[in-house]
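Opening the notebook on this one.

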Amino acid sequence: MKKEFSQNLGFFGLFLCMLTTILALGSIIYFIAARGFSVLSWSFLTQVPYSAMTKGGIAPVIVGTFYITLGAIMFALPLGIACAVYLCEYSPKSIVVNIIRISINNLAGVPSVVFGLFGLAVFVKFFGFGVSILSGSLTLGILALPMIISSAQEALLAVPQSIREASLSLGATKWGTIKNIVLPTALPGILTGVILSIGRVAGETAPILFTAAAFYTRGYPKSVFSEVMALPYHIYALMTEGAHPDKQRAIAYGCSLVLLFLVLFISGFAIFLRQRQRSLYG
Amino acid sequence: MDNKIKMQAKNVDFFYGKNQALKNVNLNVYANKVTAMIGPSGCGKSTFIRLFNRMNELVAHTTLKGKILLDDLDINSPLVDAVDIRKRVGMVFQKPNPFPKTIFENISYGLKVNGIKDKAFIEQKVEDSLKKAVIWAEVKDRLNDSALKLSGGQQQRLCIARCLAVETEVILFDEPCASLDPISTAKIEELILELKKDYSIVIVTHNMQQAARVSDYTGFFLLGELIEFGKTQDIFTAPKDKKTEAYITGRFG
Amino acid sequence: MKILRFKERLYKWIFTILAFASLFFLMGIVLVLVKESLPIFQKVNFFKFIFGRSWYPTYNPAEFGILPLILASIWVTLGAVVVCVPLGVGSALYLNELAGRRQKAVLKPIVELLASIPSVVFGFFGVVILTPLLQKVFHLPTGLTALNASIILGVMATPTVCSIAEDALNYVPNAFREASFAVGATRWQTLTQVIIPAAGSGIATAIILGMSRAIGETMTVLMVAGGSAVIPHTFLEPVRPMTAAIAAEMGEAPMGGSHYHALFAIALILFVITFIFNVIAEIISRSFRVKLGLSG
C-alpha cells in the first residue's frame with residue numbers, strides 16, 4: 001500500500017525530529033554534567049577564587065547572581081503585577097489597552113544585548129549608578145517585566161468572574177475585591193510565573209555585560225553599587241579572558257553545571273507547580 | 001394591592017451596545033414577598049434582575065434608560081454609590097460561587113469589607129447567618145475547611161448565608177437552582193419561603209413550577225418585554241395575555 | 001459619597017500609571033538608541049554605514065561599514081532556521097499527532113524545560129564540544145564558524161519554535177480532523193492536507209519568533225561564531241554577527257567616541273529588525289486566530 005508506506009515514512013520522520021531535539025538538548029546537559037561534575041566540591045561552592053582565577057571556589061559568583069536576580073525580581077514584580085491588574089481588572093477595552101499590549105509584546109522581543117546598551121546608557125551613565133548590582137538589576141528587571149506581566153495576566157484571567165461578582169454584590173469595593181479575592185486566588189499562578197522568570201533572569205548574560213558584571217572582584221559585593229561576578233558572565237569570561245585558559249576551562253565547566261542545575265531546577269519546579277495547579281482547577 | 005413597595009422599575013430600557021435587551025419594563029417588588037420572573041432563556045429576565053443591584057455596570061458598553069427605585073431612592077443617581085446599593089440588595093448567583101477560602105471566611109467577608117472588626121460580633125453573625133440559611137448543622141464542626149469542599153447544594157446555601165450576613169434588605173436570586181439536584185432545590189425553595197419573613201425577594205427561574213411554588217407575584221418576560229405581571233395565582237390560573245398562557249401551558253419555551 | 005471613594009479612584013490611577021511602564025521602557029529604549037547613534041550618522045553617511053564592506057572601528061582612519069556584520073547575522077539566522085524549523089515543527093507535529101496523552105504529558109514539560117537553558121551554556125557547549133568536532137570533520141583552521149553558530153542557535157531556538165507551533169496545532173478544531181477521516185483520508189493525509197494548512201499561519205508565527213530570537217541572540221554567537229568581521233563566503237568561515245560585535249566591542253569602545261555611537265547604531269538596526277519580525281508575527285497570529293474563529 002503506497003498510502004500506508006508514505007504515512008509510516010512521514011510519521012517516522014516526525015519521530016526522528018522529536019528524538020533529535022531531545023537528544024541534542026540532552027547531550028548538552030549530559031556533556032556539561034559529566035565533565036563539570038568532577039570539578040564540583042563543597043569548597044568549590046563555598047570558597048572565594050584565588051591564584052588568578054585558577055584555584056578556589058565560586059561562592060562570590062553564586063552570591064552575585066543571587067543579588068542581581070533578586071534585585072531584578074524586586075523591581076519587576078510589583079510593576080508587573082500592577083500592570084496585569086490594570087489590564088485585567090480596571091481597563092475598559094480601548095486603544096490605550098491595545099497600545100500597552102503591543103508594547104509589552106514588543107518589549108518581550110527586544111534582543112537582550114539591546115537591554116544591555118539601554119542599561120549602560122541610562123543606569124550606568126545617565127543616573128550614574130556605575131557598573132553595579134543596581135544597574136544590572138534594573139536592566140534585568142525591565143527584561144523580566146513582560147514575562148511577569150503575561151504570567152500574572154494569565155493567573156488573573158483564570159480567576160472566575162463569578163467570585164468577583166460575588167464580592168461586589170456583598171458591597172465590597174473594586175479595590176477591596178482585587179485585594180481580598182482576586183489577588184489571593186491568583187497568587188499561586190503569579191508565583192509560578194515569577195519562579196519561571198527567575199530561572200530566565202539568572203541565566204541572562206548580555207544585559208549584565210556592561211551594567212553589572214566583572215571578571216574578578218575581591219571577595220563578596222559590599223553594596224548595591226558594587227560590581228559583581230555573576231555565573232553566566234563568569235562562564236564567558238573564563239573562556240575568553242585571563243591568562244590560564246586550561247585551568248580556567250575546568251572552572252568554567254563547574255560554573256556551567258552549577259548554572260545549568262540552578263536554572264533547570266528553578267524552571268522545573270515552576271513547571272511542576274503549574275502542572276499541579278492546572279490539574280487542580282482545570 | 002395593599003403591600004408596601006420595596007423596589008420599583010420605571011420605564012426601564014436596557015441596551016448591550018445597540019441591542020435592546022429590555023423594552024419599557026415597569027414592575028414593583030413588594031416588601032416581604034417573593035417576586036418571580038419567568039420566561040424562556042434569553043428573554044432578558046437575568047439582565048433585568050441584575051439592574052436591581054447595578055451588577056450590569058460590570059459589563060462594558062451597556063446603557064440604561066428609566067429608573068430603578070429602592071425605597072424611593074433612585075439607585076442610579078450620580079450621588080449614589082453602587083457599593084452602598086449592593087450592601088442593601090444582595091444577590092445569589094446561578095452557579096454557587098463561594099470564595100476559595102474557608103467556610104467561616106466566606107461568611108465573614110461581607111462584614112469585614114463593611115468595616116466591622118469586632119471578633120465576637122462577627123462570630124455570632126456567622127453562626128446566625130449559617131443557621132438562617134439552614135446549613136449550620138452541616139458545617140458547624142468544619143468552619144475552617146475550604147468552602148470548595150462542600151457539595152453544590154451546600155455551596156449554594158453557603159452563598160445565601162454569605163448574603164444574609166450583610167445587613168441586606170432585598171435578596172436577588174438569579175436561577176439559584178439551575179445547577180442543583182431536586183433535593184437541594186427543595187431545600188433552597190423552603191429556605192426562600194422562610195426568608196421572605198425578613199427580606200424582599202426576587203427570583204429568576206425558568207422553572208415554572210418553581211415560580212408557582214415559591215412566589216407571590218410573577219412577571220412573564222418575552223423578548224425583552226414584560227408581557228404580564230401580577231399575583232402568581234392569577235398568572236398561573238387566569239393569564240390575561242395569550243402569550244403567557246401559551247408559555248405556562250408549555251407550548252413554547 | 002464620591003469623596004468617600006477617593007481611595008478607590010486613587011488606586012485606579014496608580015494602576016493606570018504603572019501599566020504604562022512597558023510603553024515607557026520601550027520608548028526609552030528607542031529614545032536612547034536613537035540619541036546615542038545619531039552622532040555616527042553625522043560622520044558616516046547612513047547608506048555607507050549599512051552597505052559599507054569594511055568594519056575597522058579601531059583603525060586610523062576608522063571605517064564603519066556594517067555590511068559584514070549584517071550579512072553574518074543573516075547567515076547564522078538562516079542557518080539556524082534550517083536546523084530549528086524541521087526539528088521544532090517536526091517535534092510539534094509529533095507531540096500533537098503521534099504522542100499519546102502520557103507521552104505528551106512528559107515530553108511537553110521537558111521541551112519547555114530545555115527552552116530555559118541559558119544561552120551562555122549553549123555557547124560554552126559550542127566552544128568546548130562542537131568546535132573541535134567541526135574542526136576535525138571539515139579539516140578547518142578553526143571550528144569557530146558560521147556553521148557552528150547556526151547549529152547551536154538552531155538547537156537553542158528549537159524548543160521555542162516547538163512550543164509555539166504546538167500551541168497553534170492545538171487550536172485546530174478537532175472537527176477538521178474528524179471531517180477528514182470521515183471522507184476516508186489517512187492520518188498522514190489529514191495531517192499534511194488539513195491540519196498543517198489550518199495551523200499554517202500559527203506555525204509561521206512560531207518560525208518568525210524563532211528567527212527573531214536567533215537574530216537577537218548574543219552570547220552563543222559571541223562565543224562560537226569566530227568573530228571575524230569580513231563578508232562571509234561559506235558557512236565554514238568565522239563571522240561576526242551584529243550582536244557579537246556589540247557585546248565584544250562595547251567594553252573597549254571609548255565612551256562618546258565614534259565607535260561607541262556606531263555600536264549603538266548597530267543596536268538600533270537590530271532593534272528595528274526584531275521589531276519588524278515581532279510585528280509580522282503579531283499580525284499573522286492575529287489573522288490566524290480570526291481564521292479559526294478564536295477571539296483576537
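**Entry 1: a buried pair in chain B.** I started at B:E175, which is buried, with a relative accessible area of 10%. This is a predicted model, so I'm reading side chains with that in mind. B:E175 meets B:K45 in a salt bridge, 3.8 Å from N to O. I then looked up where the two sit: B:K45 is in helix α1 (residues 45-51) of chain B, while B:E175 is in the loop between β7 (170-174) and α7 (182-195). That puts the partners 130 residues apart, so I note this as a link between distant parts of the chain. B:K45 comes out at 3% relative accessibility and counts as buried too, because the cut-off is under 20%.

**Entry 2: B:E57 and B:R86.** Here the side chains meet in a salt bridge at 3.9 Å, N to O. B:E57 lies in the loop between α1 and β4 (62-70) of chain B and B:R86 in helix α2, so the pair ties together parts 29 residues apart in sequence. Buried or partly exposed: what is B:E57? It is partly exposed, with a relative accessible area of 43%. B:R86, on the other hand, is buried at 4%.

**Entry 3: B:R157 and B:E138.** The closest N and O atoms of this salt bridge are 2.9 Å apart. I placed B:R157 in helix α6 and B:E138 in helix α5 (residues 136-139) of chain B, so this bridge ties together parts 19 residues apart in sequence. B:R157 is buried, with a relative accessible area of 5%, and B:E138 is partly exposed at 31%. I also jotted down a network: salt bridges with shared partners join B:K4, B:K6, B:D71, B:R88 and B:E169. Over all chains, the search of the whole structure finds 25 salt bridges.

**Entry 4: chain B against chain A.** I counted 23 residues of chain B in contact with 16 residues of chain A. Together the two chains bury about 1600 Å², 67% of it on carbon and sulfur atoms. There is 1 salt bridge between them, and I found it at A:E165 and B:R50, with the closest N and O atoms 2.9 Å apart. Polar contacts come to 4 residue pairs, both residues at pLDDT 80 or more. On the chain B side, α2 (82-88), β6 (89-92), α3 (103-113) and α6 (152-165) each give two or more residues. That side divides into 13 nonpolar, 5 polar and 5 charged residues.

**Entry 5: chain C against chain A.** This contact takes 79 residues from chain C and 78 residues from chain A. The buried area is about 6900 Å², 80% of it on carbon and sulfur atoms. In chain C, C:F15, C:F124 and C:W188 lose the most area to chain A, together 10% of what that side buries. I found 1 salt bridge here: C:E112 with A:R274, the closest N and O atoms being 2.6 Å apart. Helix α12 (residues 258-291) of chain C gives the largest share of its side, 11 residues. By class, that side has 54 nonpolar, 17 polar and 8 charged residues.

**Entry 6: a glycine in chain A.** I looked up A:G36, in helix α1 (residues 2-36) of chain A. A:G36 is buried at 0% relative accessibility. Its contacts, leaving out residues up to four places away in sequence, are A:F31, A:Y253, A:G254 and A:L257.

**Entry 7: confidence.** The model scores ipTM 0.90 and pTM 0.88. Chain C averages a pLDDT of 89, with 98% of its residues scoring at least 70.

Key. Residues numbered from 1 in each chain as written. Chains lettered and ligands numbered in written order. Heavy atoms only, no water. Contact = heavy atoms within 4.5 Å. Buried area = accessible area lost by both parts, 1.4 Å probe. Salt bridge = Lys/Arg side-chain N within 4 Å of Asp/Glu carboxyl O. Helix = DSSP H or I, 4+ residues; strand = E, 2+ residues; numbered from the N terminus. Nonpolar A, V, L, I, M, F, W, Y, C, P; charged D, E, K, R; others polar. Polar contact = N/O pair within 3.5 Å; in protein donor to acceptor, adjacent residues only side chain to side chain. Buried < 20%, exposed > 50% of the residue type's maximum accessible area, 1.4 Å probe, protein only. pLDDT = per-residue confidence, 0-100.
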